[in-house]
Protein chains: 2
Amino acid sequence: MSQRKATSDAGRATIRDVAERAGVSVASVSRVLSGNYPVSEELRRRVMKVVRDLDYVTNAHARSLAGGGTPTVAILINNITGAAFAHVAKGVEGAAALRGWLSLVGTTGDDPERELALVNLMRQQGVAAVILLGGAYDYDEYQLRMARFARSLDAAGSHLVLVGRPPLEGDVPATTVDYDNEGGAYAMASHLLSAGHRRVLVLPGHAELTTAQARSRGAQRAFEAYGVPFDPGLVRHGRYDYEHGYEAVEAALHETPDFTAVLAGTDVVAAGAMQALRAAGLRVPEDVSIVGYDDIPLASQLTPQLTTVHVPYEEMGRVALRAVADRREGGAGRRKSADGDHLVLGTHVVVRNSVQPPPRRG
Amino acid sequence: MSQRKATSDAGRATIRDVAERAGVSVASVSRVLSGNYPVSEELRRRVMKVVRDLDYVTNAHARSLAGGGTPTVAILINNITGAAFAHVAKGVEGAAALRGWLSLVGTTGDDPERELALVNLMRQQGVAAVILLGGAYDYDEYQLRMARFARSLDAAGSHLVLVGRPPLEGDVPATTVDYDNEGGAYAMASHLLSAGHRRVLVLPGHAELTTAQARSRGAQRAFEAYGVPFDPGLVRHGRYDYEHGYEAVEAALHETPDFTAVLAGTDVVAAGAMQALRAAGLRVPEDVSIVGYDDIPLASQLTPQLTTVHVPYEEMGRVALRAVADRREGGAGRRKSADGDHLVLGTHVVVRNSVQPPPRRG
DNA sequence: TTGAAAGCGCTACCAG
DNA sequence: CTGGTAGCGCTTTCAA
C-alpha cells in the first residue's frame, strides 16, 4: 500500500503520471513535449489531452539536469531603480525572450561581497552567462576580481559579460559591451565650449568610478582642444544622484559663482543642478546652461528639455545577449577569438533646450 | 578507457569529483556543504579544502530535484523601466535576498499571451511564488484568468501574489497586496478642492485599468463630498505616460481651457502636463495647479516639486515577499485562512509646491 | 560519525 | 515510430 505512484498524489504531476494516464511510455511523452522528434499524430493527441487535463508542465530542474533545459542569463545590477540600468535590463530581457531564454535579475547594492555571492549563486544555477551592469570602481583588485569571476564562470561552462565598464586586460574569458563614453563627453563638452562657455562647473561623479573617469577624460580633452584651462576648482565629485547635483551647485554658487554652465555626469545629476539653480533665482539656460549624460526619459521631461549625450542602453543589452547566444551556438570553435570580445557602441549629443551662449559678463 | 570519471574532465566539477579528491564519500561532501548535519572537524576541513581548490559550487538544479534548493520567487512586470514597478521589484528582491532566496524577473509587455507563457515558465521552474505587478485590465476574463493561474500554481506547490491590483473573488488560492488607491485619490482631489479649485482637468489613465478606475472613483467621491459637479468633459483617458499628459493638456487647452488644476493619474503624466502648460505660456502653480500620484523620485525632481500621493511601493514588495515566506514556513496548517490573503497598505498626500489657489477669474 | 544506495523527474540512447 | 532504461548531480534514509 505504500506505493507512491497513486494517481492523484499531492504536489506536482510528473511525466510518469502523464504517461500512465495516456497509456504510453515516458519516453513518448518526453518526445511529444520537447517536439524535437517525430511522433504519430495519434500519440501526440493522446498525450496532449492528458497534459491539458492535468495542467502539466515539465520540471525545469529535472530537464536541465538531464541535459535539456532553457538557457538562462543572469543580470547583476547595482540598483534596479536606476533608469539606465533598467533600460539595459530591458534590452537583455527582450532579446532573451525572443530566443525563449529566461533572465534572472540580482541586485548587488554596490556591495562586493554580495556581488561575489550572486556570481556564485548564478554559477550554481548553471546560467549561460552572467551580465554585470554599470560602471565599476577602479580599485586595484578590480581586474583580478573580474578575471577570477570570468575564469570561474568559464570553467563552469558559463560566461562573463561586462556591460558599460572597461574591458579586462590580458587573456581573460569575458566579453565586454561598452559605449564610447569618452567620445560622448568630448562631444558634449565641445558643444558647451563652442557656445562660448569658458567657466564650466564639472560634476563627473565619483573619482573612482570608471564611468566618471572616462567622462572626465573626454571633457578635459575637449578643453585642451579649445585651449581653455580646465580649472580643478570647478570640478566637484560625488554620487550620480539628484541630491549630489543639487548640493554641488549650491556649494559652487557660494564658492565659485562665476560659472556659466554645468557639465553634469548624468541626467539625474543635471536635474538636481537645475533645481538648485532655480532655487537660487537663476534661469536655465538664460543665466546658466546645463548638459547631462545618458539621455534617459527624464532628460526630455525636464523644463527646459536637457541637452545630453545619448547612450544606447537598451541596445547594449540586446547586443550583450546576442553575443552570448552567438558564442553558444558558435560552439567551441573560436573560443579565444579576440573579435567580438569587446564591442563598443556609439554615443551622440542630443541637442535640446538647456544650452545657450553665456550671458554677457556684468 | 571509456570511464568518464577522469579527474579533470571538462565542464563543471561535481560532488563526486570533490568526494574522490578528498577521499570521502559523496554523502559526506553533501553534508559538509549543506551544513545541516553533524560532521567531524577533520572531514569538514578536508572537504572544504578541495572545494576551494576546485572552485566547486553545487548544481542548483540537481539539488532542487533531490529535495533541497533555494526558494525562488518570480516577479512578473509589464515594463521594467517603470519607476513604480522597479521599486516594488526592489522591495521584493531585498526581502528575498535577506532570506537567501532568489528572484527572477520577467516582463510581459502587457501581452496576455506572454503573461501566460511566463506563468507556465515559472511553474516549470518550481518557484515558490509568482508575483504579478501592476494594475490589470478589467476584462471579463480577468477574474477567470487569474483564478486559473492561482489554482494552477497552487496545484504545483507554488502561490500567486497580486500586487497593486484588486483581489480575486471567491475562494481562490492567491494573496493580494494592495494599497488604498481610492483613498489616496480622494485625499488628493480633496486637497485641490479645498484650495478652491472647481474646474479640474482629470487624467485618470485608461478607463479599463483597475488602477485608473480606483483613482477615478476616489476623485469623484471627493467632488461629491464638496458638492462640486464632476464634468465628464474635463476627463481625458489615456496611457500612463509623459506623452499622454502632454497631449491631453494640449488638447484641453484648446477645447476646455477654463480648468485651473490638473489631477494627473501618475507623476509621469503630471510631468507631461506640466511641460505642456509651460509650452503654452502658463505658469505652475500660479496659473494652473498640478498634482500627481505615485510619489516616484521624479515628483520631487520637477520644478515646482510635485504635490502627489505617496504609494509605498517598495514596502509592498517587501510585504508581498514576507507573505509568501510566512505561508511557506507556516506549513499547510492555515492554508485557507482569510487573514493575510488581502493586505492593504496606506497612502497619503505629500504636499509640495505645485498647488496654489486658483487665480481670480478674468 | 561515515558510507552505500535509492531515488528526485527528465532526456537520450539503444532496441524492437 | 515506440518502449525500456541508464544516468544527470544531489539529498537522504538506512546500515555499519
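Across the interface of chain A and chain B of this predicted model, four salt bridges are found. One pair of side chains that meets in a salt bridge is Arg114(A) with Glu93(B), at 3.7 Å from N to O. Over all chains, the structure holds 32 salt bridges.

**Where chain A meets chain B**

- The interface of chain A and chain B also has 26 residue pairs in polar contact, counting pairs with both residues at pLDDT 80 or more.
- Several elements of chain A each supply at least two residues of the side that touches chain B, among them α4 (60-65), β2 (102-107), α7 (141-155) and α12 (297-301).
- The largest share of that side of chain A comes from α6(A), which gives seven residues.
- Sorted by class, the side of chain A that touches chain B has 22 polar, 18 nonpolar and seven charged residues.
- In the contact, 47 residues of chain A face 47 residues of chain B.
- About 4,300 Å² is buried between chain A and chain B, and carbon and sulfur atoms give 56% of this area.
- Of the area that chain A buries against chain B, 15% is supplied by His61(A), Gln124(A) and Gln301(A), more than any other three residues.

**The domains of chain A**

- Chain A is divided into domain 1 (15-66), domain 2 (72-179 + 313-345) and domain 3 (181-311).
- Twelve residues from domain 2 of chain A and 13 residues from domain 3 of chain A take part in the contact of these two domains.
- The centres of domain 2 and domain 3 of chain A, taken over C-alpha atoms, are 30 Å apart.
- Between domain 2 and domain 3 of chain A, the buried area is about 1,100 Å², with 60% of it from carbon and sulfur atoms.
- Three tyrosines, Tyr137(A), Tyr179(A) and Tyr313(A), supply 52% of the area that domain 2 of chain A buries against domain 3 of chain A, more than any other three residues.
- There are zero salt bridges between domain 2 and domain 3 of chain A, but six residue pairs are in polar contact there, both residues being at pLDDT 80 or more.
- On the side of domain 2 of chain A that touches domain 3 of chain A, α5 (83-98) and α13 (313-329) each supply at least two residues, and α5(A) gives the most, with three residues.
- That side of domain 2 of chain A is made up of eight nonpolar residues, three polar and one charged.

**Around DNA strand D**

- There are 26 residues around DNA strand D, and the ones that come nearest are Ser28(A), Arg31(A), Ser40(A), Ile15(B) and Tyr56(B).
- Of the atoms of DNA strand D that come within 4 Å of the protein, 66% belong to sugar and phosphate.
- Phosphate oxygens of DNA strand D lie 2.3 Å from a backbone N or O atom of Ile15(B) and 2.8 Å from a polar side-chain atom of Ser30(B).
- A polar backbone atom of Ala62(B) is 3.3 Å from a base nitrogen of DNA strand D.
- The largest share of the surface near DNA strand D comes from α2(B), with four residues.
- By class, the surface near DNA strand D has 15 nonpolar, seven polar and four charged residues.

**A salt bridge within one helix**

- The side chains of Arg46(A) and Glu42(A) meet in a salt bridge of 3.2 Å, N to O.
- Both Arg46(A) and Glu42(A) lie in helix α3 (residues 41-54) of chain A, four residues apart, about one turn of the helix.

How values were computed. Residues numbered from 1 in each chain as written. Chains lettered and ligands numbered in written order. Predicted model: local features only at pLDDT ≥ 70, side-chain atom pairs only at ≥ 80, totals over all residues. Heavy atoms only, no water. Domains from an automatic or database assignment. Contact = heavy atoms within 4.5 Å. Buried area = accessible area lost by both parts, 1.4 Å probe. Polar contact = N/O pair within 3.5 Å; in protein donor to acceptor, adjacent residues only side chain to side chain. Nonpolar A, V, L, I, M, F, W, Y, C, P; charged D, E, K, R; others polar. Near = heavy atom within 4 Å.
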